[in-house]
Amino acid sequence: MKLIPPALAILAIVSASAAAFATDDRGRSPGQVLSDNNCTWCHGPSLQGYTTAPRLAGQRAEYVVNQILNFKAHSRDNPLSKQVMWGAANTVTPEAAHEISDYFSGLHAEPANDGNRSTVETGAALYREGSAGSNIPSCAICHGPDGQGVGAIPRLGGLSYRYLKRKLEQWNEGYHAAALAPMPAVSSSLSATEIDAISSYLSFVH
Ligand code: HEC
Ligand code: HEC
């Protein structure tokens, strides 16, 4: 009788479970399985988002990880965050946060196109150049010429007008104070009309 040396037998078991962990029987990564089971019913079947639950497809992985950690730490704290995302993020371990964020960042992002077209030109100029007189920096310097984001700085292009507008207003209402600089301060330089114009413009960017 031929016996398998114990070390080799263990190695065989470990590599079999590692392979099973990489994808499930439908070829889905662990991040996709987690998302399909827990996130798509609010963020949409292909993660393109709705007006309140934002698009996650194509979002920067580092940014998404930070937001999940902020929800878990309760420092992202508007009423909707409290109501739904504190619970949804609670079960996501730091390791799973990376897996799910990598999955989101690889998905194609569709523009929401839900802004007001008449203010797009004003919004585009403000986005690109800012306004020295009103102490508004160029958003493009950090968020990129097409709002694509970089590193932990999020992609803004094509996010829903309503989501963007509410987020910029919420910083001025005192929510999400723990966000990475310079955002709460940048929002405080924007008037209601400017918030409206920039959010409209961005909703059409793809
Ligand atoms: C019951 C609905 C619901 C479920 C389920 C849900 N979300 Fe959310 N999610 C929301 C809402 C609403 C917001 C907007 C919160 C806010 O305005 O601060 C949000 C915001 C987010 C954001 C912030 C995006 C940004 O651009 O800043 C991330 C990241 C996120 N959700 C990830 C997830 C993940 C990951 C899951 C699954 C584990 C999930 N969500 C499940 C409703 C939901
Ligand atoms: C110096 C770099 C910098 C500049 C300039 C800047 N941002 Fe940001 N922005 C950031 C960072 C970093 C974050 C992530 C904040 C966090 O931790 O939540 C962010 C987040 C955001 C978000 C949240 C996106 C989401 O999915 O919830 C919006 C909206 C936003 N910025 C709009 C703007 C606008 C509009 C301008 C120009 C008026 C601007 N930003 C200028 C760095 C910058």
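1. A word on the ground rules. Because the model is predicted, local features need pLDDT of at least 70 and side-chain atom pairs count only at pLDDT 80 or more, while totals for chains, interfaces and linings use all residues. Residues are numbered from 1 along each chain as its sequence is written, and side-chain values use heavy atoms, with hydrogens and water left out.

2. Start with helix 4 (residues 61–72) and helix 6 (residues 94–105), which pack at an angle of about 140° with their axes 8 Å apart. Helices here are DSSP runs (H or I, at least four residues), numbered from the N terminus. The axes are lines fitted to C-alpha atoms over the stretch in contact, and angles run from 0 to 180 degrees between N-to-C directions.

3. What do we call the arrangement of helix 4 and helix 6? They are oblique to each other, the word for angles that are not under 35 degrees (roughly parallel), over 145 (roughly antiparallel) or 65 to 115 (roughly perpendicular). Helix 4 passes helix 6 in a right-handed crossing, meaning that the near helix is turned clockwise from the far one by less than a right angle.

4. Now look at who touches whom, with contact meaning heavy atoms within 4.5 Å. From helix 4 come Ala61, Val64, Val65 and Ile68; their partners in helix 6 include Ala97, His98, Ile100 and Phe104. By class, this contact has seven nonpolar, three polar and one charged residues (Ala, Val, Leu, Ile, Met, Phe, Trp, Tyr, Cys and Pro count as nonpolar, Asp, Glu, Lys and Arg as charged, the others, Gly among them, as polar).

5. Next, the salt bridges: the whole structure has six, each a side-chain nitrogen of Lys or Arg within 4 Å of a carboxyl oxygen of Asp or Glu. In helix 9 (residues 161–172), Lys165 and Glu169 sit four residues apart, about one turn of the helix, and their closest N and O atoms are 3.0 Å apart. Arg166 also pairs with Glu169, at 2.8 Å, from three residues away in helix 9.

6. Arg166 has a further salt bridge, with Glu173 (3.3 Å, N to O).

Notes: Chains lettered and ligands numbered in written order. Helix = DSSP H or I, 4+ residues; strand = E, 2+ residues; numbered from the N terminus.
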